[in-house]
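Work through the exercises below with the model in view. Each task is followed by a solution in steps.

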Amino acid sequence: MRKEYYSPVDGDDVNLLDSGTETRPPPKSRFFHWSPLLSHGVLMSITMLFFTLWARAPSIDDVVVYSPANEAIESIGIVRLNGTLNAPSIYRGPSPEVDAAWDRVSLNARPIRMTLEQLLRTGERPSPAMAQYPDEYGGGYMATVEVIHHLHCVDMLRRVTWNKPQSYDHDDESHESHKDFRIHLDHCIEMLRQIIMCRGDVTMITYDWLEGHDDPFPNFNIRHQCRNFEKVLDWVDERRVIVPRPKMVRLEDNVDLPSPP
């Protein structure tokens with residue numbers, strides 16, 4: 001008995017049972033021979049794509065908190081800091097020139113303006129207690145950049161170590177009682193502690209043997225990834241809002257907090 005096959009051709013029902021000829025199944029396409037390899041290749045490509053996207057995704061430590069001043073952030077690359085114990089510096093010592101150098105980077109907190117949209121983007125919410133500029137000075141929320149505050153705290157500690165707290169004649173500290181001044185000072189120490197621990201600098205410090213010392217001596221001249229502070233300072237100074245104290249008053253809808261935030 002002959003073995004017969006039925007196979008529709010181009011959609012036509014052609015019955016070959018009585019054709020008198022034996023038909024055989026068509027040979028398999030080469031595609032079917034290569035399809036396992038192609039499928040494997042596609043799967044590997046997709047896997048590599050997802051791995052690459054995952055590897056390039058920012059970690060939680062790369063997420064930057066929004067600030068209007070983010071646009072002023074500019075890396076200046078790896079810088080070797082000068083940690084030599086007696087290294088000269090314009091920020092070191094008790095002279096009027098040193099005081100002036102510190103005033104340039106930390107005096108009066110350099111308040112600037114934040115719009116409502118910018119405030120919301122920082123993650124904060126408007127509060128009736130928040131200080132706002134009068135409309136005649138452009139309105140907006142009173143704000144300052146944190147690095148200026150940190151430098152103010154360092155300068156305050158510097159002056160105290162030189163027994164010069166009275167040199168704050170240009171600031172409110174000169175009017176504080178001894179108790180309030182101590183609270184202010186401890187606040188600065190605590191803020192600096194928190195920011196140092198928050199940033200958690202893990203740059204490695206090596207040690208050297210030093211003539212006249214029995215123990216290894218730390219080498220503080222190490223490299224750090226640094227930002228261009230002058231660019232941040234310029235950004236702040238370009239946006240400073242200077243309002244005479246008598247004009248910086250509570251607005252109609254302002255309320256007072258019962259205690260400092």
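**Exercise 1.** Which residues does His224 touch, not counting residues up to four places away in sequence?

Solution. Before starting, note that this is a predicted model, in which local features need pLDDT of at least 70, side-chain atom pairs count only at pLDDT 80 or more, and totals for chains, interfaces and linings use all residues. Residues are numbered from 1 along each chain as its sequence is written, and side-chain values use heavy atoms, with hydrogens and water left out.

Step 1. Contact means heavy atoms within 4.5 Å. By this rule His224 touches Gly77, Ile78, Val79, Leu81, Asp201 and Thr203.

Step 2. Locate the residue: His224 belongs to strand 6 (residues 223-227). Helices (H or I, at least four residues) and strands (E, at least two) are DSSP runs, numbered from the N terminus.

Step 3. Look for a polar contact, a pair of N or O atoms within 3.5 Å; within protein, one must be able to donate a hydrogen and the other to accept it, and residues adjacent in sequence count only if both atoms are side-chain atoms. The side chains of His224 and Asp201 are joined by one of 3.1 Å.

**Exercise 2.** Find the disulfide and say where its two cysteines lie.

Solution. Step 1. A disulfide is a pair of cysteine sulfur atoms within 2.5 Å. The search of the whole structure gives 1.

Step 2. Its partners are Cys153 and Cys188, with sulfur atoms 2.4 Å apart. Cys153 is in helix 4 (residues 146-161) and Cys188 in helix 5 (residues 178-199), 35 residues apart, so the pair links distant parts of the chain.

Step 3. The angle about the S-S bond is -70°, and the link is left-handed.

**Exercise 3.** Sort Cys153, Cys188, Cys198 and Cys226: buried or exposed?

Solution. Step 1. Buried means under 20% relative accessible area, exposed over 50%, partly exposed in between (1.4 Å probe, protein chains only).

Step 2. Cys153 has 0% relative accessibility, so it is buried. Cys188, at 0%, is buried. Cys226 is buried at 16%.

Step 3. Cys198 has 59%, so it counts as exposed.

**Exercise 4.** How do helix 4 and helix 5 pack?

Solution. Step 1. Their axes are 10 Å apart, at an angle of about 125°. This makes helix 4 oblique to helix 5, because angles under 35 degrees count as roughly parallel, over 145 as roughly antiparallel, 65 to 115 as roughly perpendicular and the rest as oblique. Axes are lines fitted to C-alpha atoms, for helices over the stretch in contact, and angles run from 0 to 180 degrees between N-to-C directions.

Step 2. Residues that meet include Cys153 and Leu157 in helix 4, and Cys188 and Leu192 in helix 5.
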